[in-house]
Amino acid sequence: MLQLRPILSTLRRHRTAALLIVVEIALTCAIVCNAVFLISNRIDRLHFGSGVAIDELVELGTRSIGNVDDAAPGTREDLAALRALPGVRAANVMSVIPYGNQVRVSGVSMVPDQPTPTISVAMYSGDAGLPALLGLKMVAGRDFNADEVVDQATADKDDNYRYAGVIITQAVAQRLFPDGDAVGKSIYIFGNTPLRIVGIVERLVSPDPEHANQTDLYSVILPVRPTFDNGTYVLRTDPTQRDTVLKAAVAALERVNPHRVAQEHGTFEDLRGDYYRTDLSMVWLLAGVCVALLVVTAFGIVGLASFWVQQRTKMIGTRRALGATRGQILRYFQTENLLLTTAGIALGMLGAFAINQWLMTQYELPRLPLVYLPLGALALWLLGQVAVLAPARRAAALAPAHAMRGLS
Amino acid sequence: MFLYYFDLALRSFRSARGLTALMVLTIAMGIGASMTTLTTFRALSGDPLPGRSANVLRVQLDAGLKATFTPGKEPDTQLTRFDAETLLREKHAARQAMMAGGGVNVEPAADAPGGLKPFEATARYTSADFFPMFQTPFLYGQAWNAADDGANAPVVVLSKAFNDKLFGGANSVGRNVHADGADLRVVGVLDDWQPVPYFFDLNVGRFRKTEGMFLPFGTALERKLGFNGSLSCWGDSATPHPRELNAPCSWIQYWVEADTPADRAAYLDYLTRYSAQQHAAGRFQRDPNPRLRDVMDWLSSQHVVPEDVRLQVWLAFGFLAVCLVNTVGLLLAKCLRRSPEIGVRRALGAPRRQIFAQFLVEAGTIGLAGGVLGLAFAAFGVWCVRQGSSSRAQWVHLDATALLITFALAIGASVLAGLLPAWKACEVSPASQLKSS
């Protein structure tokens with residue numbers, strides 16, 4: 001095989017240029033490893049499941065002008081009109097919605113008078129049938145019965161109102177009752193009034209998921225019926241009919257009572273898209289920078305390798321005249337590149353970990369998984385070999401006589 | 001001499017078109033990326049109250065429960081209604097205002113432009129000093145006064161955009177706005193006024209557009225208008241409603257003006273005394289722990305610049321560093337390739353200093369070209385940022401300062417990149433070069 005000695009001694013004579021390539025590859029390696037890691041983190045967030053039938057739901061809202069004493073009758077009228085619309089499978093009113101711009105958070109305690117709550121949960125409230133409307137999967141217990149649900153106005157009158165029960169997510173159940181017997185137990189959200197768990201749903205994302213982990217699934221549903229003034233109408237329909245249904249629904253609310261202000265409306269899918277827009281643009285930006293970095297580095301390698309080939313024309317000619325084959329010349333430059341890239345990768349890995357350490361102190365970010373190291377190395381080796389191929393082939397193609405004539 | 005070097009640089013570019021284009025493109029990409037992210041960062045970390053931000057201070061009091069106290073933790077950023085009303089009444093600062101955000105449903109008059117339907121308008125409920133303290137410019141009319149605050153007067157100040165929407169931009173002072181079932185009389189219309197970030201209430205949107213209506217706090221409470229923003233309660237509340245005077249809930253932003261360091265220290269003293277009094281009276285459970293932050297300090301304590309934006313700046317400058325290392329390598333190759341030419345110039349009497357200068361000018365010229373192209377990239381980058389839907393994107397734009405930074409960065413960076421190659425070039429020994437050619 002090829003001897004490394006001549007390569008190393010040549011590189012020693014071109015120390016500065018060799019060092020520059022090594023530094024460039026190291027920087028690229030360090031940045032790209034971290035950028036790809038950030039991308040995968042963002043993609044995890046983008047794919048975090050909500051538990052609701054996201055592509056079958058639409059939302060719309062309306063508010064009365066001035067203070068209305070009791071909006072409950074109006075809400076019943078609205079719902080009757082909405083349910084009668086063609087294409088609407090189910091309709092209901094709920095307090096806050098996933099990926100909406102409001103969230104209600106409260107601490108959950110295991111015993112009365114607990115000094116600090118065990119966890120904090122996002123609170124949803126709605127009528128019986130809400131889990132079915134949203135497409136939630138009930139894994140234990142049951143939904144509320146119609147007679148367990150109270151009007152918002154009734155609940156608001158008493159801060160320590162004794163609700164008939166609460167539905168929690170599996171994430172909450174596993175956190176609070178690891179033994180798996182949550183149904184029937186009581187938790188405390190409002191002071192010392194116990195709340196009996198009647199059902200567990202597999203998954204319901206909080207309105208503002210942030211970490212893409214279990215804490216984003218800490219949600220509960222209270223048996224409270226909001227009115228149109230403090231809630232949002234949610235309709236379930238066929239994915240292909242969402243726009244038609246929305247348009248008809250807005251018109252229906254206007255027909256029931258035109259003396260109101262229409263709120264923004266849209267599909268759950270669009271809400272989710274808007275919610276994650278900045279993450280998505282960050283993914284594209286990071287990917288763009290990675291590609292740009294790799295391209296710039298590749299061109300740097302091409303530029304310097306071309307220069308070296310030109311500079312070493314005489315040497316190549318001599319070696320060819322002494323019997324070296326084209327393949328040997330080709331492999332000489334390829335090996336040289338491999339050495340430089342390897343040095344760059346080694347340095348770059350250290351840099352990648354240093355940057356990751358720093359990022360961990362600044363942002364909520366886990367440690368860089370070790371799998372990034374071989375993958376990053378492989379990518380850069382490949383990049384180096386592809387970049388050096390053209391200059392190396394040009395070197396191999398030099399005719400010995402031509403090169404010896406000293407046209408450098 | 002400089003012009004001669006410039007001419008030499010252009011000649012050398014012509015003889016190595018591909019390599020030169022590659023260097024210019026590399027620098028331009030690095031500069032374009034850095035300037036795009038830097039411009040975004042500058043737009044979001046700017047001073048929303050230029051010239052006054054050091055004198056306008058946010059008040060924080062620690063009114064929470066003893067049981068949930070964590071040493072070293074920042075006190076609540078908002079005040080309870082009781083504390084805000086007391087501080088406002090005691091009037092210890094040059095100017096002071098309490099405020100909260102809200103939403104009001106507006107029914108336009110029948111003659112409103114474009115047959116406007118009823119709509120929800122954003123509002124700010126505050127007190128009279130809001131306007132002089134934040135030096136809001138007025139297009140028509142003026143602010144209300146402290147007497148209006150006391151009387152819960154049905155008055156309103158409109159933003160320019162809101163006045164355009166509802167009254168077609170006419171002078172609406174004296175006219176009525178029908179809001180949530182009752183009239184409010186317009187006393188003033190603001191001129192263009194857009195604090196970025198929306199510093200005085202970050203909970204209603206950090207980079208939002210100025211709210212449409214401004215009305216006295218008491219008027220909003222009396223009419224039970226809708227409130228927006230963050231509300232946090234503690235203890236088991238015996239009171240029926242969190243916006244009641246004595247509810248243990250913080251939801252009001254409080255700002256004061258102190259024009260000298262002495263005034264500022266005196267006000268902080270007052271807050272400490274006030275906290276001690278409340279502690280003695282049994283209202284506050286925790287020891288006095290007030291905060292008084294000026295606008296920029298407040299914004300940094302609230303980490304108002306999104307983390308992503310900071311990360312993007314680092315990333316872009318990392319990319320620029322790689323571009324620079326790349327340029328150093330290419331410049332070096334280009335210089336050494338011209339060793340024979342350098343040998344001849346040195347033999348003809350050019351001192352090392354001149355060779356050095358010649359190559360630095362060449363690097364600077366590449367930087368200049370890279371800067372021009374980089375500016376075009378940055379303009380495109382900023383355009384892309386503005387296409388984003390987030391509310392902060394709308395305030396990002398290239399300005400004269402950005403232009404200056406771009407060229408300083410481009411030329412500075414490329415001259416820096418040129419130092420090493422220029423040094424190598426002037427080390428070329430004339431004798432060996434002449435011999436070998």
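The following dialogue works through how to read several features of a predicted two-chain model.

Q: What should I know about the numbering and the confidence limits before I begin?
A: Residues are numbered from 1 along each chain as its sequence is written, while chains are lettered from A and ligands numbered from 1 in the order in which they are written. Since the model is predicted, local features need pLDDT of at least 70 and side-chain atom pairs count only at pLDDT 80 or more, whereas totals for chains, interfaces and linings use all residues.

Q: How many helices and strands does chain B have, and what box do its C-alpha atoms fill?
A: Helices (H or I, at least four residues) and strands (E, at least two) are DSSP runs, numbered from the N terminus. By that rule chain B has 14 helices and 13 strands, and its C-alpha atoms fill a box of roughly 100 × 60 × 35 Å along the principal axes. The radius of gyration, taken over C-alpha atoms, can be set beside a globule rule of 2.2 Å times the number of residues to the power 0.38; for 437 residues a compact globule would come near 22 Å, but chain B has 31 Å.

Q: Which elements of chain B supply the side that touches chain A?
A: The size of an interface is often given as the accessible area lost when the parts come together, but here the description rests on residue contacts, with 39 residues of chain B in contact with 37 residues of chain A. The elements of chain B that each supply at least two residues to this side are α2 (17-44), β3 (95-107), β4 (119-126), α10 (307-337) and α13 (400-426). Of these, α10(B) gives the most, with 17 residues. The chain B side as a whole divides into 18 nonpolar, twelve polar and nine charged residues.

Q: In what order do the four strands of the open sheet in chain A run?
A: Two strands pair if DSSP finds at least two bridges between them, and in chain A the order is β3-β13-β1-β15, with antiparallel pairing. The edge strands are β3 (90-94) and β15 of chain A, each of which pairs on one side only. Five bridges join β3(A) to β13(A), and A91(A) has L235(A) as its bridge partner in β13(A). Helix α3(A) packs on this sheet, touching β3 and β13 of chain A, and its direction makes about 150° with that of β3(A); such angles run from 0 to 180 degrees between N-to-C directions, with axes fitted as lines to C-alpha atoms, for helices over the stretch in contact.

Q: Are the two faces of strand β1 in chain A covered or open?
A: In a regular strand the side chains alternate between the two faces of the sheet. A residue is buried if 20 or more other C-beta atoms lie within 10 Å of its own, exposed if 12 or fewer, and partly exposed in between, with C-beta atoms placed from the backbone. In β1 (residues 57-60) of chain A both faces are covered, as L57(A) and E59(A) on one side and V58(A) and L60(A) on the other are all buried. This strand pairs with β13 (residues 232-236) of chain A over four antiparallel bridges, and L60(A) stands opposite Y233(A) there. Two bridges join β1(A) to β15 (residues 266-267) of chain A, where E59(A) has G266(A) as its bridge partner.

Q: Where is L79(A) found, and which residues does L79(A) touch?
A: L79(A) is found in helix α3 (residues 72-83) of chain A and is partly exposed, because 18 other C-beta atoms lie within 10 Å. Not counting residues up to four places away in sequence, L79(A) touches A91(A) and V93(A).

Note on methods:
Two residues are in contact if their C-beta atoms, placed from the backbone, lie within 7 Å. Ala, Val, Leu, Ile, Met, Phe, Trp, Tyr, Cys and Pro count as nonpolar, Asp, Glu, Lys and Arg as charged, and the others, Gly among them, as polar.
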